[in-house]
Amino acid sequence: MTESRFTVEHVRLTSDKPFGKVTAAFEARLGKFDPEVQKELARGGDLQTARTRMEAMVGPSGFMLFSTSDHGALLGIVGERRKAVQYVVGNPLFAVEMTRHAIGAGLYAPLRVLIYEADGKTCIEYDKPSSLFGQFGDSQVDKMAASLDRKLADLAAEAMR
């Protein structure tokens, strides 16, 4: 067994824009991942067809939505319901450009973003992809991760405008 440590750069943006408007703007810039395309690949489906279908799933941000988790509703279990949603976002075509060089990059793809309300403000938080993927020490992974940094920063900024 090996263990390693690395530094993660965490981003937190805040805005007076209402939570519902931020989440709506965020979601509007995402495509929607259809897991059926992955199932078809596993069954030996046509590679170019799969790529074409994935390209069509991408939203204006370059990302697609894989899933959400309503952490605010979960907090209801302890009597502290609030507005907080975790988004799992990414692009399988970006992911394979990293995992082909460092399979461990699959641990962090897709990415996670948390949007929540605190003290009357809406917050977006995420870990910078370059800091997550940088641990693999691969220049091709680093190049894609830097691109993901820009895309994720642009997506968050657009949602907050």
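A pocket here is an open set of grid points, over the protein atoms alone, where a 1.4 Å probe fits, with protein on both sides within 12 Å along at least five of seven lines. The model is predicted.

**View 1. The largest pocket and the residues around its centre.** About 400 Å³ of space lies in the largest pocket. The pocket is lined by 25 residues, and the closest to its centre are M54, P92, L93, A95 and V96.

**View 2. Elements that line the largest pocket.** Two or more lining residues come from each of α2 (36–42), α3 (47–57), β4 (84–90) and α5 (92–99). Of the elements, α5 gives the most to this lining, with seven residues.

**View 3. Residue classes in the lining of the largest pocket.** Nonpolar residues account for 19 of the lining positions. The lining also has five polar residues and one charged residue.

**View 4. The second largest pocket and the residues around its centre.** The space in the second largest pocket is about 210 Å³. Its lining is made of 13 residues, of which L111, R112, V113, D127 and L132 are the closest to the centre.

**View 5. Elements and residue classes in the lining of the second largest pocket.** Strands β5 (111–118) and β6 (121–127) each supply at least two lining residues. The largest share, four residues, comes from β5. By class, the lining of the second largest pocket holds eight nonpolar, two polar and three charged residues.

Conventions
Residues numbered from 1 in each chain as written. Predicted model: local features only at pLDDT ≥ 70, side-chain atom pairs only at ≥ 80, totals over all residues. Heavy atoms only, no water. 1 Å grid on protein atoms, 1.4 Å probe; cavity = no way out; pocket = protein on both sides within 12 Å on 5 of 7 lines; lining within 4 Å. Points joined across faces, edges and corners; volume = space filled by probe spheres on them. Nonpolar A, V, L, I, M, F, W, Y, C, P; charged D, E, K, R; others polar.
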